[in-house]
Amino acid sequence: MAAAGVAPVRERFVASKEQFHAYLRANGELGGQGGDKEEEKEANSEQSEPPAKRGRLDVQGQDGESPGEPEDGEKESRDGEKDPEDGEKEPVERKRARGQNKSRPCMKPNHYEKSRLCPSVTQGCAEKCYFGPRCRFLHDVGEYMAAKPADLGRSCVLFETFGRCPYGITCRFAKAHLGDGYQNVVNAELAKQWEGKSLVRNNLSKDLQHQLRKKKFTFKKADEYLCSLAKPHHNDRKGGKAPGHSAEGEEVSDCTTPEDGLGDTSQCPVLPEGGDSKPAPVQSPHPTESKGGCPTKTAGPVTDEDIVKLRSCEKKKLEIQGKLYLAPLTTCGNLPFRRICKRFGADVTCGEMAVCTNLLQGQSSEWALLKRHHTEDVFGVQLEGAFPDTMTKCAELLNQTIDVDFVDINVGCPIDLVYKKGGGCALMTRSNKFEQIVRGMNSVLDVPLTVKIRTGVQEKMNVAHKIIPKIREWGASMVTLHGRSREQRYTRVADWDYIAECAKIASPMPLFGNGDILSYEDANQAMQTGVSGIMIARGALIKPWLFTEIKEQRHWDISSSERFDILKDFTNYGLEHWGSDTQGVEKTRKFLLEWLSFLCRYIPVGLLEHLPQKINERPPYYIGRDYLETLMASQNVDDWIKISELLLGPVPTNFTFLPKHKANSYR
């Protein structure tokens, strides 16, 4: 019988730690259980293997702590405890390792590719180098080919799919599409089929990026709303709050923001002329007056659309009741991973958490989080911010520039970096700012606005039931509730009884529940609580075929070869998304390794003593039904790298990897 907090694996598959690693070192031969002490020490090292397997069980016998996840913008994992080596006496006080691996080595492109070819040569216009005489890249193709690493395979997924590889000779699978004289071969018939089709939407254009960096983008609706907040109202309300806003919380924000560059003036900002990329028509002779009383310059004639706002009943509806919602997941919830989940039956997808201030500054890396694949039919983006000015402006920016079905506000991120700035879970304690953000974003969006929250900030002090009716009143279309508080992080089990209580309070507004769903039985029990639907986060990371299991109401005893095919598809999607050159290959490898740190927690159905596997039960060491199944169960970083090499070829020299989230959260 399995110990408390340990998944019940059949006895004939259970192995000791030494047997497990000896089996993998012997490449699946059971006889090879020797190995010298140096190899055994390496297997026990903290960097090679996070101490998830050997953490102590909770003394009080409560539910074990579950793996730290990047769900809902969370960028660090939970508390964990370092294990003493075998034979050593356990120290009385041990320093808890918590958070992300901040000091992990950063592999940059110049670490694995010293000589890079100029992009102008790759694109066939070497005479028009973008950098001119300052260019530090190679222009000699022969010199580049002499130093280029060996190809990783004979077939290029980009060439086979689209008929043309845009990376040309820099592609790590270039032999598949290089002709005489290193000319890039094009399959004209296949390329013509994809001509003019946009596979990925929501890209950041250079023109828009320039406007954002120069602060020339016009935020007309947001400025009007912020002016209405800044106008003093002479009534009995504390702090002169605008009518319709709660008197709780702090003072209202000024009309101006740091981005406006107007200092501390209390005057309403005037829209910059010529800030839009379109030519400005003749100014209207009579400026309109906003609801707050601020005169605002208008471009062109004033129409009904400028004066009359859309009523909530006229906005596009978010009809996702009963559908399976893939949670926004930082790092791992990238576009290739969402494609995998979409293929297995996810109905609703959401991009990774994006910081509103970074989007307003036009940061390419942040805008990349908003990209949407054409297969994502119901897609939203999640924003994080602490103030109504930046959040409202960001909402208006996205409303005008990208294609989404809804916008979600992150009020669930528990990490200190976000919390101390007033964002994430902190908004649950700043009701006035929270209200201003929701009302402001809702006033500038043409798509539904949703909110994701936790039960509260402090453990055993739930406040979500008090906030949800206010969120409904403020205009949100849906709420998602994660059944844990900020202090709990991912310890203990999610409180679905409390989620059921909140679902009744939220009605008629839809409420989705989130937490601890790893099987179709878990999903069925969750739906019986009265929620409108369920959001899946860690369950999708551990087994993305969970969506299929829920829809088909069965346990899928998926084989190791089928799981490996899923990884193949992910790498192909990654090469398509990030590129097939050296930089794209290594980026794909990095995100593959991050995902493998979660996939290793899955225990095959055929190995379990009884079903289903619970998300808070730690997997014991076991030897699977074949070598690949055992390899995929390893929590040794070196074994994750070995799997990546089976898919993406050998790693570069001096390659190192540590997962972003410390896998030390079982106890």
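Start with D557 and R625: their side chains meet in a salt bridge, 3.0 Å from N to O. This is a predicted model, so treat that as a computed value. The pair links distant parts of the chain, 68 residues apart. D557 sits in the loop between α21 and α22. R625 sits in the loop between α23 and α24. D557 is partly exposed, at 35% relative accessible area. R625 is also partly exposed, at 40%.

Next pair: K543 and E549. Their closest N and O atoms are 2.8 Å apart. Buried or exposed? Both are buried.

Now E473 and R439. This salt bridge is 3.9 Å, N to O. E473 lies in helix α17 and R439 in helix α16, so the pair ties together parts 34 residues apart in sequence. E473 is exposed, at 57%.

There is also a network: R201, R372, D403 and D405 are linked by salt bridges. The whole structure has 21 salt bridges.

β4 pairs with β12 over three bridges. There, L326 stands opposite I536.

Last, confidence. Mean pLDDT is 80, and 73% of residues reach 70 or more.

Definitions and conventions. Residues numbered from 1 in each chain as written. Heavy atoms only, no water. Pairing = 2+ DSSP bridges. Helix = DSSP H or I, 4+ residues; strand = E, 2+ residues; numbered from the N terminus. pLDDT = per-residue confidence, 0-100. Salt bridge = Lys/Arg side-chain N within 4 Å of Asp/Glu carboxyl O. Buried < 20%, exposed > 50% of the residue type's maximum accessible area, 1.4 Å probe, protein only.
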